[in-house]
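Please keep the sequence and the model in view while reading.

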Amino acid sequence: MTTLAATLWRHPRLRIASLLALPAIWFVAFYLLALAAMFVSSLHTVDDLSGQILPGWTLANFRILASDWTYGRIALRTVGIALAVTITDGLLAWPFAYVMARHASPRLRAMLMALVMLPLWSSYLARVYAWRLILAHDGVLNWALHGLGLPTASIGYSNWAMWIVFTYLWLPFMILPLFAALERIPTTLLEASSDLGAAGGRTFRRVIVPLALPGLAAGAIFTFSLTLGDYVTPLLVGGPSSDFIGNVVYSNVGVSNNVPFAAAFAVLPLLVMAGYLLIARRLGAFDAL
Amino acid sequence: MIGRGLLWFSVVVILLFLFVPVAIILLYAFSDSNIQGWPIGVYSVKWFIATWHDGEVRAALWLSIEVAVVATIIATVFGTLAALAVQRMRGYGNEIVSFAAVLPIALPGILTGMALNSYFVLWGIGLSFWTIVIGHATFCTVIVYNNVVARLRRLPPSWVEASMDLGAGPWRSFRLVTLPMIASALGAGALLAFALSFDEVIVTTFTAGAQTTLPLWIFGAIRLGQHLPEVNCVVFAVIALTIVPVLIAQRLMGSAATLHK
């Protein structure tokens with residue numbers, strides 16, 4: 001044991017390799033190879049009668065996806081709502097993160113931080129379900145509207161409901177990295193900007209926003225990706241025409257047992273995310289994670 | 001110029017936005033009624049008692065705890081190993097490992113789920129307890145890794161060097177110097193990993209066979225509109241159960257922040 005440890009200490013590369021071996025094997029075996037398997041599977045088809053997977057290489061699944069506009073609409077809806085949620089969260093996070101970074105005392109800052117972290121880690125299903133009850137016809141929202149003498153709203157089970165719920169679910173993921181980026185901006189920089197004659201608004205636009213961009217981009221990875229890959233929220237608060245890519249994937253695996261077709265549709269979010277991560281990387285998101 | 005008052009006002013509004021839904025769902029657990037309407041007419045704890053005696057819920061809860069414990073143990077070991085390795089790496093190697101570690105949480109869960117499902121189908125591996133654990137352990141590892149890496153970055157390497165100079169071997173130095181210094185980050189990471197696994201539903205639907213974890217039970221019940229009063233109570237318990245490890249984790253991370261003043 002001692003001699004082994006000593007050998008490893010004298011050979012840094014060997015030591016790194018021995019530390020990294022197990023996690024690396026796990027990652028390759030259960031993540032990278034699984035992703036590769038998804039690609040392979042997407043090129044297979046299923047026998048209509050027996051439900052058996054037919055090995056062999058064909059683009060049939062992709063042809064169906066490209067030719068049937070239903071899937072195009074689903075893909076556009078998924079990406080569109082993911083973008084809308086990301087933008088909304090990006091806007092909502094600003095005042096909160098700004099106050100945390102610039103105006104709150106250290107004590108209050110720690111408290112606000114804890115308050116933002118709590119919903120982030122508390123049950124996802126519980127929070128979606130809460131909105132299902134709130135937006136339902138006889139839910140809290142309509143009760144409150146009625147109490148105020150306003151007409152009742154029927155936004156439950158619609159794309160609007162999904163937009164609200166996703167925005168709610170992922171907001172902490174945007175606030176935390178944005179706060180971290182804002183906190184790192186030295187006050188001297190802001191003073192310099194105002195000494196040089198830039199008014200508050202101009203300092204904000206020309207100094208604060210560019211420096212906060214990596215944090216914003218880091219948050220945008222989570223808000224976008226988490227929305228893009230969801231199917232539970234569309235099922236629970238969406239309406240009849242609220243299907244996401246995830247819903248098609250889910251029902252093809254669970255109900256129709258057509259794993260190759262599901263795998264083919266799942267390739268799309270992978271490509272979208274690859275492009276998205278490249279842009280986010282340009283904006284410096286990876287240094288702000 | 002935006003007034004400071006307006007800024008503080010929006011902070012309060014956002015906090016309400018974040019917490020009112022949670023408060024409402026917690027209240028529903030005490031509703032006496034079968035119907036999920038608002039306002040709640042009569043409050044009672046009768047559904048808590050019914051839920052407590054529901055065998056299905058108990059089995060699901062137990063399975064979720066088992067999965068979360070096993071996934072957390074795997075994640076703690078692998079996350080720590082990877083963090084220790086990456087700390088010693090420079091250049092490309094470091095960048096590749098850092099990037100790989102982001103993937104499982106940066107890519108949508110449906111991808112992880114779908115990828116693992118096609119993988120198991122391709123190999124002809126039946127879905128079981130262990131396939132659920134495999135799915136969970138991967139993203140849990142990332143959580144532990146992130147926590148430990150952040151801590152290691154702030155530790156001066158001179159401490160381990162000093163320990164080695166004083167005659168302690170690498171293993172002894174790790175045990176007596178590095179481990180105590182990363183212990184709270186490790187603990188926080190493990191607790192967060194547990195909370196994440198305990199609550200996971202998107203990947204789990206693709207990696208579970210006949211097994212029903214607690215989130216799968218909740219999801220199924222809501223979708224079918226069955227046992228809704230029980231769902232309220234289970235959700236109450238789940239929030240309470242996940243908040244405890246998260247609060248402890250925050251304390252651990254908070255005490256670490258003051259460590260270096």
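## Packing and surface

In this predicted model, the residues of helix 12 of chain A that are buried are Ile245(A), Gly246(A), Asn247(A), Val248(A), Val249(A), Tyr250(A), Asn252(A) and Val253(A). Helix 12, which spans residues 245-254 of chain A, is thus mostly covered, with eight of its 10 residues buried. The packing partners of these buried residues come from both chains, as the table shows.

| Chain | Helices packed against the buried residues of helix 12 of chain A |
|---|---|
| A | helix 4 (69-103), helix 11 (232-237), helix 13 (259-282) |
| B | helix 5 (109-123), helix 9 (204-207), helix 10 (214-224) |

The largest nonpolar core comprises 152 residues, and within it Leu182(A) and Met114(B) have the most contacts. Helix 8 of chain A, covering residues 159-183, gives the most to this core, with 15 residues. Leaving aside residues up to four places away in sequence, Leu182(A) touches Trp94(A), Ala97(A), Tyr98(A), Ala101(A), Arg102(A), Ile208(A) and Ala212(A).

Turning to the surface, Val28(A), Leu32(A) and Leu33(A) form a nonpolar patch whose accessible area together is about 230 Å². Val28(A) belongs to helix 2 of chain A, which runs over residues 12-42. Why does Val28(A) count as partly exposed? Its relative accessibility is 39%, and the partly exposed class lies between the buried limit of under 20% and the exposed limit of over 50%.

Technical notes
Residues numbered from 1 in each chain as written. Chains lettered and ligands numbered in written order. Predicted model: local features only at pLDDT ≥ 70, side-chain atom pairs only at ≥ 80, totals over all residues. Heavy atoms only, no water. Core = buried A, V, L, I, M, F, W, Y, C linked by side-chain atoms within 4.5 Å. Buried < 20%, exposed > 50% of the residue type's maximum accessible area, 1.4 Å probe, protein only. Helix = DSSP H or I, 4+ residues; strand = E, 2+ residues; numbered from the N terminus. Contact = heavy atoms within 4.5 Å. Patch = residues over 30% accessible without salt bridge, like charges linked within 9 Å, V, L, I, M, F, W, Y side chains within 5 Å. Areas by Shrake-Rupley, 256 points an atom, 1.4 Å probe, with all protein chains shown as cover. Salt bridge = Lys/Arg side-chain N within 4 Å of Asp/Glu carboxyl O.
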